[in-house]
Amino acid sequence: MRITCVALLSLGLCSGLSSTLAAAVDSKPLLAFAARIAGDNARTRIVIDFEEKPEFSVHYIGSPERVIIDLPATTFAFPEADLAARGLFSDIRYGTMDESSARIVLTAIRPVRLALAEVQPNEQGGFRLVLDAEMVSAEIFADLVKKQTWTTPAAAKPEDITTAAKDDVFTVAVDAGHGGIDAGATGAASKTPEKTITLAFARVLAAKLSEQKGVEAFLTRDKDTFLSLSERVMIARQHGADLFISLHADTLAQKDIRGATVYTLSDRASDRMAENLAMRENLSDQLAGFSLQSGPPEVADILLDLTRRETQAFSITLANTVVKSFEGQIGLINNPHRHAGFQVLRAPDIPSVLLELGFLSNPEDEKLLLDEGWRARVADLIANAVVRYRTQALADGG
Ligand code: ZN
């Protein structure tokens, strides 16, 4: 029951696709056991101690200026406070990209370059990665960005993507929000990262969906790894997904707000809260050191436009069906169907919704989000909604 699918778009995978370094997948991760940072906003030094000698590569990305250090799989075991941003850097993040790689993203307050980036042996054994950053002119930084090369696996080309043939199986992509270097929001009391909650919920939901007759669900990620927003869409498409459901549990400044929200795509946000949330979600790629995504390539194609509109109508139907199945069963915020410009919902041919299951900023919601019984109940309601949606879409001749 796939809706008309026309010329597949390359969704503009950006240049920094999770770089898989040469490190063997089965070797155990490197251990980064200590770190320190010193300096001022003209010159800043970062030192990270490793047990084994790390291979690494350095890249630069603009707007905002960032330095990206790619490493083989690494366990970062030092206290976060030891590598707190200072000097030339306003934000420092590190974590898993995929099974064989990790990344450090240094967001700079002004154009910078690494005057020194090398691994030195420690006197007492082990190695230290030394990164000396210095301020440079915007011209020099632009030059660094332009002249560098990324040795990354080629992004999937549109022609490599096989769209599943029309079949009787209704395929649902279940997308656990965030992951790896991008932890998402943090639980106010439990400190549980959003990426852990979304993955746990995604597993339950995929299992419940696959129990339904004629429905098969799969996860866009089944581990604590990073996926860019366009990779998520790409994976859904490669599996011939008929539906895309992205799962989240964010935080709000207003801690009393609680309950679930269902979002669909719209270039104009329904309200300020939706707008802010989409903006934060769309930052995910940037946090992980990707170039900022511009919107999808604008193609003047009437067929594509029709497909988009059709997809949009299906997405709204799905959102309404989910809201209806939640009503009276689990908490919803006011106006539970909202819309905004979420990058992850941009597949032109796959009806997509983003579900905020609840808010990690609200203590009651946090308790529920961590409760297995509640998760199972909500997953059941969503699975029922998907089955109802499918029946209705079939009846409408979709
Ligand atoms: Zn989120």
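**Zinc site, pockets and salt bridges in a predicted model**

Arg-93 counts as partly exposed, because its relative accessibility is 27% (buried means under 20% relative accessible area, exposed over 50%, and partly exposed in between, with a 1.4 Å probe and protein chains only). The structure is a predicted model, in which local features need pLDDT of at least 70 and side-chain atom pairs count only at pLDDT 80 or more, while totals for chains, interfaces and linings use all residues. Residues are numbered from 1 along each chain as its sequence is written, and side-chain values use heavy atoms, with hydrogens and water left out.

Arg-93 forms a salt bridge with Asp-91, with 2.8 Å between the closest N and O atoms (a salt bridge is a side-chain nitrogen of Lys or Arg within 4 Å of a carboxyl oxygen of Asp or Glu). Asp-91 is also partly exposed, at a relative accessible area of 23%. In total, the structure holds 16 salt bridges. Another of them pairs Asp-143 with Lys-147, the closest N and O atoms being 2.7 Å apart. Both residues belong to helix α1 (residues 138-147) and are four residues apart, about one turn of the helix (helices, H or I of at least four residues, and strands, E of at least two, are DSSP runs numbered from the N terminus). Asp-143 is partly exposed at 32%, whereas Lys-147 is exposed at 62%.

Lys-208 forms a salt bridge with Asp-380 at a closest N to O distance of 3.6 Å. Lys-208 lies in helix α2 and Asp-380 in helix α8 (residues 372-395), so this pair ties together parts that are 172 residues apart in sequence. Lys-208 is buried, with a relative accessible area of 17%, and Asp-380 is partly exposed, with 32%. Salt bridges with shared partners join Arg-43, Arg-113 and Glu-134 into one network.

The zinc ion is coordinated at 2.1 to 2.5 Å by His-178 (NE2), Glu-194 (OE), His-248 (ND1), Asp-250 (OD) and Glu-281 (OE). Donors are N, O and S atoms within 2.8 Å of the metal (3.2 Å for Na, K and Ca); water is not among the atoms, so sites may look incomplete. Along the chain, the donors of the zinc ion follow the spacing H-x15-E-x53-H-x1-D-x30-E. His-178 lies in the loop between β10 (170-176) and α2 (194-211), and Glu-281 in helix α4 (residues 272-282), so the pair ties together parts that are 103 residues apart in sequence. His-178 and Glu-281 are both buried.

The largest pocket has a volume of about 610 Å³. Of the 30 residues that line this pocket, Glu-80, Arg-93, Ile-181, Ala-183 and Gly-184 are the closest to its centre. Pockets were defined on a 1 Å grid over the protein atoms alone, as an open set of points where a 1.4 Å probe fits, with protein on both sides within 12 Å along at least five of seven lines; lining residues have an atom within 4 Å of a point. Grid points are joined across faces, edges and corners, and a volume is the space filled by probe spheres set on the points. Strand β6 gives the most to the lining of the largest pocket, with six residues. Domain 1 (2-161) and domain 2 (170-395) both give residues to this lining, so the largest pocket lies between them (the domain bounds come from an automatic or database domain assignment).
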